[in-house]
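Hi everyone, thanks for making the time today.

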Amino acid sequence: MKEMILAAKIEVYQKEELSEAYKLLLDTAKKASDSAYAPYSHFKVGCAVRLKSGRIVTGNNQENAAYTAGLCAERVAIHQATACFPDDPIESLALIAQMDGQWTKEVCTPCGECRQVMKEVEFRTLHPITMLLANATEIYKISGIDTLLPLGFNGSALSK
Ligand code: THU
């Protein structure tokens, strides 16, 4: 028997410690959360992705009375970015959520399906995504989806 231990490196920042570009990305995600459509969960998520060109694309969660038809903020932003700018890789992503007008106590972390979508984007563009997962006071900075989705599945498993 052999044992493998997978380690996760997460840097924890205060907002003042972020670069100006990351502060802007986080502020843009915050703004995007205001327009989330979340009448069922009241959990309003904002996501902003920054592309290699510097362009920022935003998304927020879009819920539905038929719950499974809804979509998370990350996938709204990511699919919008790759649909409109397929040749401009996503370099970073900021994520934050509010409930009843307050930023959540815990930093907002992506669900499993969104992690899988990020895995596909990294595979497609050969570009790791830096994630900024935030609450009101702290930002977890994570470089590359493998930290959040260890041993993840991607298209390389399907190639002959
Ligand atoms: N949600 C997101 O948009 N992103 C996440 O990272 C976590 C969950 C949404 C889905 C649903 O509209 C609401 O938050 C509650 O799960």
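Let's begin towards the end of the chain, with Leu 151, which sits in the segment after strand 7 (138–143). Please keep in mind that this is a predicted model. Leu 151 counts as exposed, at 70% relative accessibility. Its backbone deserves a look too: the phi of Leu 151 is near 55°, a positive value in a residue other than glycine. Most residues other than glycine have a negative phi.

There is another case of this kind. His 42 has a phi near 60°, again positive and again in a residue other than glycine. You'll find His 42 in the loop between helix 1 and strand 2, and with a relative accessible area of 44% this residue is partly exposed.

Now let's step back to the whole chain. How many helices and strands does the chain have? There are 3 helices and 7 strands. Reading from the N terminus, the order is β-α-β-β-α-β-β-α-β-β. The C-alpha atoms fill a box of roughly 50 × 40 × 40 Å along the principal axes. For 160 residues, a compact globule would have a radius of gyration near 15 Å, and the chain's 16 Å agrees with that. As for the interior, 42% of the 160 residues count as buried.

Met 131 is in strand 6 (residues 130–134), and Met 131 is buried, with a relative accessible area of 0%. Met 131 and Ser 92 are 39 residues apart in sequence, yet their C-alpha atoms are 5.7 Å apart in space. The other is Thr 28, in helix 1. Thr 28 counts as buried at 18% relative accessibility, because the cut-off for buried is under 20%. The side chain of Thr 28 reaches the backbone oxygen of Leu 24 at 2.6 Å.

On to the aromatic residues. A pair of aromatic rings is described by the distance of the centres and the angle of the planes. Searching the whole structure turns up 1 aromatic pair. Its members are Tyr 40 and Tyr 67, with ring centres 5.8 Å apart and planes at 45°, so the pair is tilted. Tyr 40 belongs to the loop between helix 1 (20–34) and strand 2 (43–51), while Tyr 67 belongs to the loop between strand 3 (56–60) and helix 2 (73–84), so the pair ties together parts that are 27 residues apart in sequence. Tyr 40 is partly exposed, at 40% relative accessible area, and Tyr 67 is exposed, at 61%.

Finally, the ligand. Which residues are around the ligand? Among them are Ser 41, Phe 43, Val 45, Cys 72, Cys 108, Thr 109, Pro 110 and Cys 111. By class, the shell has 7 nonpolar, 3 polar and 2 charged residues.

A side-chain N or O atom of Glu 63 is 2.5 Å from an oxygen atom of the ligand. Asn 61 brings a polar side-chain atom to 3.0 Å from a ligand oxygen. Ala 73 takes part through its backbone, where a polar atom lies 2.9 Å from an oxygen of the ligand. Taken alone the ligand exposes 380 Å², and the protein buries 76% of that. The elements that give two or more residues to this shell are strand 2 and helix 2.

That's my tour, and I'm happy to take questions.

Technical notes: Residues numbered from 1 in each chain as written. Predicted model: local features only at pLDDT ≥ 70, side-chain atom pairs only at ≥ 80, totals over all residues. Heavy atoms only, no water. Phe/Tyr/Trp six-rings, centres within 6.5 Å; stacked < 30°, edge-to-face > 60°. Helix = DSSP H or I, 4+ residues; strand = E, 2+ residues; numbered from the N terminus. Buried < 20%, exposed > 50% of the residue type's maximum accessible area, 1.4 Å probe, protein only. Near = heavy atom within 4 Å. Polar contact = N/O pair within 3.5 Å; in protein donor to acceptor, adjacent residues only side chain to side chain. Areas by Shrake-Rupley, 256 points an atom, 1.4 Å probe, with all protein chains shown as cover. Nonpolar A, V, L, I, M, F, W, Y, C, P; charged D, E, K, R; others polar. Rg over C-alpha atoms; globule rule 2.2 N^0.38 Å.
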